[in-house]
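Visitor: I would like to learn how to read the packing of helices. Could you take me through it slowly?

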Amino acid sequence: MFSAKKQGRHGGRFFAEIANNDQDRKALYIQNRLATAIKEQQIRTWFQPIVDAHTLRVVGCEALARWHDETYGWVSPATFSPMAGNRGLIREIGQEVWQQGIGSLHRWSEMGMDINMSVNVSRRQLFTPSFTADLLEDLDRLAIPVSVVDLEITESVAMEDAEHTTKRLAELTKAGFGIAIDDFGTGYSSLSQLHDMPATKIKIDISFVRRAHAEQGAHLIQAIVKIASAFKLQTVAEGVEDAETAQTLRNFGVNKLQGYHFGRPMTAEGFERYLVDNLRSTEPTRYRLMSTWSG
């Protein structure tokens, strides 16, 4: 069914036809395997550093969902995330990343590292009636203050049903959570809706960062930074892969930078060692953990 939908309307696909195509066969396998992978806790959370744009010191990380399948190896989030949405499993993946994230947060806190965490939230999660209460219960169980958690939603989710989204975000804000808007600039933002929506941060999509050295791309990023400043929001640029881009974004006024130039995604244990290595010669600082299972 999903293969047929990809071909457009008024079409169809035969199962035998899909089974004989390597790419379709792999997609079919992954789709059927996904629920089992979630149940067996094969979805793991990896972490990528985020640095302050001006000091270039590590100020946190983004948590990314990773899945290693015994047959096909590493499966990209770009592949399994849409499938999770189609099969109604997106909430389960989000919950798995949340539990692993707060588990790491608790462990790092016990090691003496003061860390915040921002978790990407799907639409299905956001509108679960008990969502706020469930999050608060999980944090209370690990003695983690709600003030160290930011909830991150994509621009498309924020603007799709703005009235109801704003009410839920207001509820979460009242409970003490921070709010971040991901993939900003890739959808159809309404500035009036953004003005009314409680938020603390905007994440600049990698598609803009890749065009930072082109005139039009530079103007777009500068415009986003100005909008964020007008609403008193911080900015985080994703996909920074070299020093020249980092310097350009810093000149534009971007607050935080993230990308391969500063570090690739790593396991929780690997990031733990990364933090220890990067803290040896610096004074203690406050670290922010940013999490998004969508990759």
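Visitor: Is the crossing of α5 and α7 right-handed or left-handed?

Guide: A crossing is left-handed if the near helix is turned anticlockwise from the far one by less than a right angle, and right-handed if clockwise; here, the crossing of α5 and α7 is right-handed. This is a predicted model, in which local features need pLDDT of at least 70 and side-chain atom pairs count only at pLDDT 80 or more, while totals for chains, interfaces and linings use all residues. Residues are numbered from 1 along each chain as its sequence is written, and side-chain values use heavy atoms, with hydrogens and water left out.

Visitor: At what angle do α5 and α7 pack?

Guide: Helices are DSSP runs of H or I with at least four residues, numbered from the N terminus, and angles run from 0 to 180 degrees between N-to-C directions, with axes fitted to C-alpha atoms over the stretch in contact. Helix α5 (residues 90-110) and helix α7 (residues 131-141) pack at about 25°, their axes being 11 Å apart; α5 and α7 are therefore roughly parallel to each other, a term for angles under 35 degrees.

Visitor: Which residues of α5 and α7 make the contact?

Guide: Contact means heavy atoms within 4.5 Å. On α5 the contact is made by Gln95, Trp98, Gln99 and Ile102, and on α7 by Leu135, Asp138, Leu139 and Arg141.

Visitor: How do α7 and helix α9 pack?

Guide: The angle between α7 and helix α9 (residues 162-175) is about 25°, with axes 10 Å apart, and their crossing is right-handed. Here Phe131, Thr132 and Leu136 of α7 meet Arg168, Glu171, Leu172 and Ala175 of α9.

Conventions: Helix = DSSP H or I, 4+ residues; strand = E, 2+ residues; numbered from the N terminus. Parallel < 35°, antiparallel > 145°, perpendicular 65-115°, else oblique.
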